[in-house]
Amino acid sequence: MTAATSESSAPRTLVILGAGGDLTARLLLPGLASLLASPRGEAVRLIGVDRSESSDEAWRKRVETAFADAPSKLAETIVAETTYVQADVSDPASLEQVLAAAGPNVALYFALPPAITLLACKALRKLELPKGIMLALEKPFGTDYASARSLNRLLQHLVPEEQVFRVDHFLGKSTVLNLLGLRFANRIFEPLLSADNVERVDIVFDEQLALEGRAGYYDRAGALIDMIQSHLLLVLAFAAMEPPASVDAEDLRGGMAQVLRATRPWKTNGTESRRARYGAGTIGDRELPAYVDEQGVDPSLHTETLAEMTLAIDNWRWAGVPFVLRSGKALADTRQEIVFTFKPVPHLPSGLHGMKTPARLRIGLKPASLDLDLMINGEDDPFELDPVALHAELQAGQLSAYGEVLSSILEGDPTLSVRGDVAEQCWRIVAPVLKAWRKDEVSIDTYPAGTAGPRSWR
């Protein structure tokens with residue numbers, strides 16, 4: 001049992017600050033529904049909090065709609081009993097009323113913009129918090145390295161680190177967690193994953209979705225912060241970390257912190273990076289305007305919708321191996337995978353001929369899959385090499401990513417939480433690239449929406 005659990009076991013009251021927002025309707029409530037419908041579901045009280053005026057009945061309708069795809073007896077009970085509180089979360093008196101309504105065994109979920117989350121945390125500092133309270137914060141954690149450190153110092157004044165849950169739903173994805181079993185439970189793979197055998201590693205999250213009305217946040221973040229800093233660096237940590245002694249919170253998160261401390265831009269000035277944004281184009285039957293013409297976009301910000309950076313990991317296992325992280329929007333295809341490309345064999349026996357395709361281990365994030373690309377003797381000519389792929393479908397997790405996250409929060413288990421020093425390291429790693437981009441030392445390219453990216457990148 002962790003320090004985050006109270007005398008009556010795990011937190012049983014989930015308070016969502018920002019209950020009227022898109023995040024709550026689109027991800028949090030459906031995630032909670034998936035948890036309640038699973039064998040891991042347990043009774044929980046739910047309180048929605050927002051500054052806008054509403055009623056318990058209207059809030060219950062919102063919860064009921066979100067629960068429709070995963071009905072269960074527990075979900076029916078929550079819908080019947082959930083309540084709504086109108087409150088200004090930046091006001092200590094209002095938050096005190098919220099905590100009084102929640103009772104002693106509570107988890108606060110900050111489904112709020114970062115600036116409002118900061119104000120709410122400052123307000124909480126003026127209150128006496130219930131023992132064992134869990135504070136769940138959505139990304140981004142700060143806006144740069146300094147602000148992330150400042151936010152962490154503020155949180156340290158509120159509760160112990162193990163009672164802070166910095167949410168990254170990527171850590172709740174079953175495919176990312178599958179990396180642990182794949183790497184550390186299979187002798188065939190783990191010895192090969194090192195600089196002796198691996199030529200490069202690519203971590204890619206390309207999607208066909210465009211801006212989709214998110215200009216208010218995305219236009220001041222861009223692909224580098226929204227995806228690479230926020231998510232893909234944590235995937236890198238799972239893919240490159242040393243074998244932990246256990247998968248307990250301290251061992252697992254300590255291993256992530258260790259490998260990220262050794263990670264830096266390939267060129268220390270951040271210029272080993274690329275950025276681009278989409279122009280007008282077509283994806284399927286959708287005609288998309290250029291990014292700069294999307295509603296709410298400020299063209300003067302030069303926000304990128306496609307980002308790529310190359311990283312080095314300065315440790316024994318990975319020295320000299322480039323890790324290329326890439327993410328983009330409005331692209332031709334959805335490609336979400338981790339690819340280990342192996343070095344050529346030291347010597348190919350004379351007489352063997354054919355395609356010289358490198359061996360690759362490809363781990364699909366969505367759909368969850370595993371492919372091992374190899375060269376074998378051909379069918380007609382036994383001395384001609386042909387490529388073959390060994391394919392396996394990876395089992396989906398019992399819960400959605402947000403279901404896993406909420407389960408951990410309600411149980412008071414920080415294993416899938418981003419530790420404070422890890423959040424700071426992610427900002428440190430991308431800082432030189434952000435600096436180079438702001439100084440226009442890396443040009444911003446363009447690509448038509450619905451294509452594979454800038455032609456010069458291919």
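Visitor: Which exposed residues does the face of α3 turned away from its buried side carry?

Guide: That face carries Lys73, Ala80 and Glu81; exposed means over 50% relative accessible area, buried under 20%, and partly exposed in between (1.4 Å probe, protein chains only). The model is predicted: local features need pLDDT of at least 70, side-chain atom pairs count only at pLDDT 80 or more, and totals for chains, interfaces and linings use all residues. Residues are numbered from 1 along each chain as its sequence is written, and side-chain values use heavy atoms, with hydrogens and water left out.

Visitor: Which residues of helix α3 are buried, and what puts them on the same side?

Guide: In α3 (residues 73-81), a DSSP run of H or I with at least four residues, Ala75, Ile78 and Val79 are buried. They cover an arc of only 100° around the axis, taken from the directions to the C-beta atoms, and therefore lie on the same side of α3.

Visitor: What covers the buried residues of α3?

Guide: The cover includes α1 (22-36), β2 (45-50) and α2 (56-66), where contact means heavy atoms within 4.5 Å.

Visitor: Why are β3 and β6 called edge strands?

Guide: The open sheet has 6 strands in the order β3-β2-β1-β4-β5-β6, with parallel pairing. β3 (83-86) and β6 (164-166) each pair on one side only, so they are the edge strands. Strands are DSSP runs of E with at least two residues.

Definitions and conventions. Two strands pair if DSSP finds at least two bridges between them.
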